[in-house]
Amino acid sequence: MREVNVEQIRDVVAQLCIKACVEVPCDIRSCMENALEKESGIAREILQDMLKNQDIAKTDRLPICQDTGMVMVFLDVGQDMRIVGGDVEDAINAGVRKGYEEGYLRKSVVGDPIRRTNTGDNTPAIIHYQIVPGDRLHITVSPKGFGSENMSRLKMFVPGVGIDGVRDFVMETVKLADSNACPPIIVGVGVGGSFDKSALMAKRALLRPLGQPHPDPYWAGIEAELLERINATGIGPSGLGGKTTAMAVHINTFATHIAGLPVAVNIGCHVNRHEEAVL
């Protein structure tokens with residue numbers, strides 16, 4: 001059985017934390033450049049400034065945004081491998097600690113949600129596991145800023161609201177977010193499952209490459225329709241007007257109970273930071 005040592009995981013997590021905070025994924029960069037060609041006036045100027053900021057961050061190895069986020073780690077663990085050498089969660093948190101120190105990244109995590117004393121090293125990370133076929137460990141690190149996270153919502157609908165209820169909830173969430181989520185945004189939606197499953201699906205939807213539609217043509221059509229409707233709101237880059245309020249809408253779905261229709265919307269800002277590696 002193939003083995004991966006926790007020291008490897010620690011070092012990779014540290015590298016991914018730094019890279020995610022200073023470099024924008026290629027698909028997002030490309031989408032923003034395409035949006036630039038469609039805009040004029042203040043919207044075009046804002047997109048130009050965003051792209052310039054990305055260039056400076058990458059060249060000078062500086063954070064793209066002052067909010068370097070709370071770290072979300074997604075582990076897709078191959079069932080034919082094992083992790084050795086220590087506790088995997090300790091290793092992930094050691095990697096976050098290392099990355100945020102070496103990258104001079106802002107520490108934004110408080111240890112208790114009410115008493116709010118900063119932990120001083122941006123730990124603990126939030127870790128999600130998924131067992132998958134194979135013998136590889138796929139690690140995705142997403143430092144999630146709370147400007148966009150705070151604009152996310154979840155609602156337990158009754159089935160009778162149907163697809164119109166889902167559409168209306170997504171649109172309502174985007175309109176309430178307005179400029180607070182740092183548009184142009186990426187909208188992750190989870191439909192079905194349970195209370196917790198819908199939220200995780202929405203969050204994972206933000207990791208899908210831009211331009212990759214849902215594999216089911218029905219849901220791909222809903223994604224395209226919602227993207228068109230969101231961009232028709234005119235919220236625009238930074239909320240100051242324009243044609244580009246969102247770069248993508250990604251929907252994940254799952255089976256649910258006959259009496260339920262959970263819907264979660266998780267919003268990613270215009271850089272939607274995430275990086276991945278396979279061990």
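**Helix packing in close-up**

**View 1. Packing of helix α2 (residues 26–38) on helix α3 (residues 41–60).** The two helices pack at an angle of about 150 degrees, with axes 9 Å apart (axes are lines fitted to C-alpha atoms over the stretch in contact; angles run from 0 to 180 degrees between N-to-C directions). Helices α2 and α3 are therefore roughly antiparallel (over 145 degrees). The crossing of α2 with α3 is left-handed (the near helix is turned anticlockwise from the far one by less than a right angle). Contact (heavy atoms within 4.5 Å) involves Arg 29, Met 32, Glu 33, Ala 35, Leu 36 and Glu 37 of α2, and Arg 44, Leu 47, Gln 48, Met 50, Leu 51, Gln 54 and Asp 55 of α3. Six of these residues are nonpolar, two polar and five charged (Ala, Val, Leu, Ile, Met, Phe, Trp, Tyr, Cys and Pro count as nonpolar, Asp, Glu, Lys and Arg as charged, and the others, Gly among them, as polar).

The model is predicted: local features need pLDDT of at least 70 and side-chain atom pairs count only at pLDDT 80 or more, while totals for chains, interfaces and linings use all residues. Residues are numbered from 1 along each chain as its sequence is written, and side-chain values use heavy atoms, with hydrogens and water left out.

**View 2. Packing of helix α1 (residues 6–22) on helix α4 (residues 88–102).** The axes lie 7 Å apart at an angle of about 40 degrees. Among the contact residues are Val 6, Ile 9, Val 13 and Cys 17 of α1, and Val 88, Ala 91, Ile 92 and Gly 95 of α4. The contact of α1 with α4 comprises 13 nonpolar, two polar and four charged residues.

View 3. Buried residues (under 20% relative accessible area, 1.4 Å probe, protein chains only) include Gly 165, Phe 169 and Thr 173. The buried residues of α6 pack against β6 (153–157), β7 (185–193), α8 (217–231) and β9 (261–268). Asp 178, which follows α6, has a positive phi near 50 degrees.

**View 4. Packing of α6 on α8.** These helices pack at about 35 degrees, with axes 11 Å apart, in a right-handed crossing. Arg 167, Met 171 and Val 174 are among the α6 residues that meet α8, whose partners include Trp 219, Ile 222 and Leu 226. By class, the contact of α6 with α8 has nine nonpolar, no polar and four charged residues.

Methods:
Helices (H or I, at least four residues) and strands (E, at least two) are DSSP runs, numbered from the N terminus. Angles under 35 degrees count as roughly parallel, over 145 as roughly antiparallel, 65 to 115 as roughly perpendicular and the rest as oblique. Buried means under 20% relative accessible area, exposed over 50%, partly exposed in between (1.4 Å probe, protein chains only).
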